[in-house]
Amino acid sequence: MTTALPAQRTVLERFPASHPRGSWPADEYATAQRAQGTDARVVMDLGSDQFLVVTDTPQ
């Protein structure tokens with residue numbers, strides 16, 4: 001049996017979940033990062049009530 005180690009994530013940017021446009025600013029930022037070659041995605045951090053743009057590659 002093998003156990004996978006959790007991926008190391010880097011938070012590129014944080015956006016408040018209370019933003020009037022919701023996750024759009026985070027989605028737009030992640031899209032811009034992907035256009036520059038960074039594998040970025042948006043996740044929700046419930047503890048801090050923020051949308052995080054993260055990547056699994058070290059920065």
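## Exercises on a predicted protein chain

The protein chain exposes about 4,400 Å², of which carbon and sulfur atoms supply 54%; the areas follow the Shrake-Rupley method with a 1.4 Å probe, and for residues only the protein chains shown count as cover. The model is predicted: local features need pLDDT of at least 70, side-chain atom pairs count only at pLDDT 80 or more, and totals for chains, interfaces and linings use all residues. Residues are numbered from 1 along each chain as its sequence is written, and side-chain values use heavy atoms, with hydrogens and water left out.

### Exercise 1. The overall fold

Task: State which pattern the protein chain follows along the sequence.

Solution.
Step 1. The secondary structure comes to 1 helix and 3 strands, where helices (H or I, at least four residues) and strands (E, at least two) are DSSP runs numbered from the N terminus.
Step 2. Read along the sequence, these elements give the pattern β-α-β-β.
Step 3. Of the 59 residues of the chain, 22% count as buried; buried means under 20% relative accessible area, exposed over 50%, and partly exposed in between (1.4 Å probe, protein chains only).
Step 4. Among contacts (heavy atoms within 4.5 Å) between residues at least 6 apart in sequence, 54% join residues at least 24 apart.

### Exercise 2. The faces of helix α1

Task: Determine which residues of α1 are buried and what covers them.

Solution.
Step 1. Helix α1 spans residues 24–35, and its 12 residues reach 16 Å from the first C-alpha to the last, close to the 16 Å expected at 1.5 Å a residue; the expected span is 1.5 Å times one less than the number of residues.
Step 2. The buried residues of α1 are Pro-25, Ala-26, Ala-30 and Gln-33.
Step 3. Viewed down the axis of α1, these buried residues fall within an arc of 135°, so they line one face of the helix; the arc is that of the directions from the helix axis to the C-beta atoms.
Step 4. The cover of these buried residues includes β1 (10–16), β2 (40–45) and β3 (50–55).
Step 5. Trp-24 and Ala-35, on the other side of α1, are exposed.
Step 6. Gln-33 counts as buried because its relative accessibility is 13%. Leaving aside residues up to four places away in sequence, Gln-33 touches Leu-12, Thr-38 and Ala-40.

### Exercise 3. The salt bridges

Task: Identify which residues are linked in a network of salt bridges.

Solution.
Step 1. A search of the whole structure finds 3 salt bridges, each a side-chain nitrogen of Lys or Arg within 4 Å of a carboxyl oxygen of Asp or Glu.
Step 2. Arg-9 and Asp-56 meet through their side chains in a salt bridge (3.7 Å, N to O). This pair links distant parts of the chain, 47 residues apart: Arg-9 lies in the segment before β1 and Asp-56 in the segment after β3.
Step 3. Arg-41 forms a salt bridge with Asp-56, with the closest N and O atoms 3.5 Å apart. Here Arg-41 belongs to strand β2, and the two residues are 15 residues apart.
Step 4. Arg-9, Arg-41 and Asp-56 are therefore linked in a network of salt bridges.
Step 5. Glu-28 forms a salt bridge with Arg-21, the closest N and O atoms being 2.7 Å apart.

### Exercise 4. A positive phi

Task: Locate Asp-49 and state its phi.

Solution.
Step 1. Asp-49 lies in the loop between β2 and β3.
Step 2. Although Asp-49 is not a glycine, its phi is positive, about 55°.
Step 3. Most residues other than glycine have a negative phi.
Step 4. With a relative accessible area of 43%, Asp-49 is partly exposed.
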